[in-house]
Amino acid sequence: EQPLLPYESCNLGSINLSKMVKAEEGKNSIDWDKLEKTIRVSVHFLDNVIDANKYPLPQIEEMTRANRKIGLGVMGWADLLLLLEIPYDSDEALELGARVMDFIQKESHQYSSELAEKRSNFLNWEKSIFYDKKIPMRNSTVTTVAPAGTISIIAGCSSGIEPLYAISYIRTVMDQTRLIEVNPFFEQKAKESGFYSQELMEKIAEKGSIQDFPEIPEDLKAIYKTAYDVSPDWHVK
């Protein structure tokens, strides 16, 4: 997921986009000010990790400190679309995705440049494209989009830029107890719309998808699509 030179490492971090939302006049929208602040804190944090880290080999330490690669990415994209009531497989989602990542790309590089003026450029800066352009830069790379599988579980959000895996599913714990896990945004909508029941959640868990349930409104079906409901073309887009 991360192209690296020999002995390099890259400190990865992901912004949970589902937390970058504010309610305005009864409708959710992206909180761009919060996103900007989060980007700056994240770049600062990831740069600090390079110096705070303990490295297993001196070659890794040398290369990592010389190029100072960080990889700021995102998770919770599918959750953000749910909160904004935008279908995953839509042109509106693609346009928003481009806008969000353009914002993250520009703001993160801008802050890395500001850090360079305070802390100095990365050691190999003079061998980089930034030297030719006379752009100060603390980190030779700043962004990446990783799958974010494990950390998204810890954060309780959808992984990376992927669609929802399932609306509802059964988690079997060590004593073989079956726990019904339901997407919290869908559960809230189901209760607000009056069709929620434990029995329905169990039926959805058996299928994963809500597309074949007539009691669920069509507008919700358009928004709450799982990975299996999204066509291969739209996955690629």
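Q: Which side chain makes a polar contact with that of N139, and at what distance?
A: In this predicted model, the side chains of N139 and S112 are joined by a polar contact of 2.8 Å. A polar atom of the N139 side chain lies 3.0 Å from the backbone oxygen of R68.

Q: Where does N139 lie in the fold?
A: N139 is in a loop. That loop runs between helix 5 (129-132) and helix 6 (149-155).

Q: Is N139 buried or exposed?
A: Buried counts as under 20% relative accessible area. N139 has a relative accessible area of 0%, so N139 is buried.

Q: Which residues of the largest nonpolar core touch the most other members?
A: Start with the general idea. In soluble globular proteins, nonpolar side chains tend to be buried together. Here the largest nonpolar core has 31 residues. L17, L35, I39, V43, W77, L96 and V100 touch the most other members. Helix 1 (32-52), strand 4, helix 3 and helix 4 each give two or more residues to this core. Helix 4 gives the most, with seven residues. There is also a second, separate core of 17 residues. Among its members are A190, L200, F213 and I216.

Q: How many residues of helix 3 are buried?
A: An α-helix has 3.6 residues a turn, so residues three or four places apart point the same way. Now the case. In helix 3 (residues 77-84), eight of the eight residues are buried, so this helix is largely enclosed by the rest of the structure. The buried residues are W77, A78, D79, L80, L81, L82, L83 and L84.

Q: What covers the buried residues of helix 3?
A: Both strands and helices take part. The cover includes strand 2 (21-24), strand 3 (27-30) and strand 4 (70-75). It also includes helix 4 (91-119), helix 7 (184-193) and helix 9 (218-223).

Q: Which residue follows helix 3, and what is its phi?
A: E85 follows helix 3. Its phi is positive, near 60°.

Q: In which sense do strand 5 and strand 6 pair?
A: Strand 5 (residues 168-172) and strand 6 (residues 178-182) pair in the antiparallel sense, over five bridges. S168 has V182 in strand 6 as its bridge partner. Y169 stands opposite E181. The hairpin has five residues between the strands. Q176 in this hairpin takes a positive phi near 70°.

Q: How much space lies in the largest pocket, and which residues are closest to its centre?
A: The largest pocket holds about 680 Å³ of space. Of its 27 lining residues, S152, G156, C157, S158 and Y169 are the closest to the centre. Helix 3, helix 6, strand 5, strand 6 and helix 7 each give two or more residues to the lining. The largest share, four residues, comes from helix 6.

Q: How many cavities of 30 Å³ or more does the structure hold?
A: The structure holds one. About 50 Å³ of space lies in the largest cavity. Its lining is A78, L81, L82, I86, P87, Y88, P163, L164, I223 and K225. Helix 3 gives the largest share of that lining, three residues.

Q: How many helices and strands are there in the protein?
A: There are 10 helices and six strands. The C-alpha trace spans about 65 × 45 × 30 Å along its principal axes. Of the 237 residues, 42% count as buried. Take the contacts with a separation of 6 or more: residues 24 or more positions apart account for 63% of them.

Technical notes:
Residues numbered from 1 in each chain as written. Predicted model: local features only at pLDDT ≥ 70, side-chain atom pairs only at ≥ 80, totals over all residues. Heavy atoms only, no water. Buried < 20%, exposed > 50% of the residue type's maximum accessible area, 1.4 Å probe, protein only. Polar contact = N/O pair within 3.5 Å; in protein donor to acceptor, adjacent residues only side chain to side chain. Contact = heavy atoms within 4.5 Å. Pairing = 2+ DSSP bridges. Core = buried A, V, L, I, M, F, W, Y, C linked by side-chain atoms within 4.5 Å. 1 Å grid on protein atoms, 1.4 Å probe; cavity = no way out; pocket = protein on both sides within 12 Å on 5 of 7 lines; lining within 4 Å. Points joined across faces, edges and corners; volume = space filled by probe spheres on them.
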